[in-house]
Amino acid sequence: MRINRLVAATAGLGLALTLAACGGQGAGGVDDAPGGDSADADPSDQTIGVAMPTQTSERWIADGEAVKSQLEEKGYTVDLQFANDDIPTQSQQIDQMITQGVDLLIIASIDGTALSSQLESAAAKDIPVIAYDRLINGSDHVEFYVTFDNYNVGVQQATSLLVGLGFLEEDGTEAADAPTSPQNIEVFAGSPDDNNAGFFFDGAMETLAPYLEDGRIVVPSGQTDFDTVATLRWSQEAAQTRMEDLLTSTYSGGEELDGVLSPFDGISRGVITALQGAGHGPSLEEGLPIVSGQDAEIASVSLIDQGVQFATIFKDTRKLASQAVTAATSFLEGDEPEANDTETYDNGVKIVPSYLLESDIVYKENISELLIDSGYYTQEQVDTGQ
């Protein structure tokens, strides 16, 4: 199987992660760093604009609140805006932040190619821009990027699917009693306007490639290219509709579906709804196919605990927010933030210095360890899914 969307620079990811770029001055000294003019300003005199994509996903609500609270703890004023997945709304919000004179912008973009004019305006006013978890493409005016190791997130999604199908143990080793007959799966990808979606897809499909090539795993629909399996805006409803269509077109003759590669918990819940509606399940124990996920949304964590969804990927938004705040503080103090990847994230104009965080696979067995003991959720939240 040929995977043609992998960004070439990803090949150097393993090496890049071993290299930490030291924080310090730019080539011309501290004053060359964006935001250098505010180096002596008191945090209470500075305002940071935070643009988040939507409040329809609990993940982004948590991110926005975490960034805001951590910045306010340092004394900054924060203008936090959510754009409800509407590109013009986000563009207008950022324009307004720039007009009102924010000192720095933290942006989780809806469409990573749609903010060029806003970034031009920010650069003209010496406002540093930090891309938050979604790379902003096509602009030279992105100073820094904080995110998770997105390729590895895709690897983890596929790994969890392979564990659920019985090919791997949870520690990643080959299972002694792996299936001897081909396992049928279907593939979903994220939104095509989100730069991360390609990394997730590539990491997952490269992990599955050996199993697809030797026939241990089969995709009966034949739908495996990104453009076909992408889900615009990560829509749960669109995912449910596509899964229903797949079941009608490919599995109406009694064919068995063993698993679904899903890149996001909202998509996972749409897929599961379609599967249960077609008589699969209602639980893993009762024949529901293995479904992966991402973001550890509480509704899906509860489903994992109930034995309905098989796994998700936990990206601790508290750590991501903390890294964004650290980078913002460095810029506003006239320094450059520390990067641990300076090779991977090419936005089409420049390689954006980045800080990558690690993620974890959540299975039913480690919910307490990863999510409850760390204080991310309470047991009551897991029990109720709210």
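Which residues does Ile106 touch, not counting residues up to four places away in sequence? Here are some notes to get you started.

1. This is a predicted model, where local features need pLDDT of at least 70 and side-chain atom pairs count only at pLDDT 80 or more, while totals for chains, interfaces and linings use all residues. Residues are numbered from 1 along each chain as its sequence is written, and side-chain values use heavy atoms, with hydrogens and water left out.

2. Back to Ile106: its contacts (heavy atoms within 4.5 Å) are Ile48, Gly49, Val50, Ala51, Val67, Leu71, Ile130, Tyr132, Ala324 and Ala328.

3. Ile106 also belongs to the largest nonpolar core, which has 79 residues; along with Leu71, Tyr132, Leu208 and Met243, it touches the most other members. A core here is a set of buried Ala, Val, Leu, Ile, Met, Phe, Trp, Tyr and Cys residues joined through side-chain atoms within 4.5 Å. Buried means under 20% relative accessible area, exposed over 50%, partly exposed in between (1.4 Å probe, protein chains only).

4. Now the rings, Phe, Tyr and Trp (its six-membered ring), which pair if their centres lie within 6.5 Å; planes under 30 degrees apart are stacked, over 60 edge-to-face and the rest tilted. There are ten aromatic pairs by this rule.

5. Elsewhere, ring pairs join Tyr145, Phe199 and Tyr345 into a cluster.
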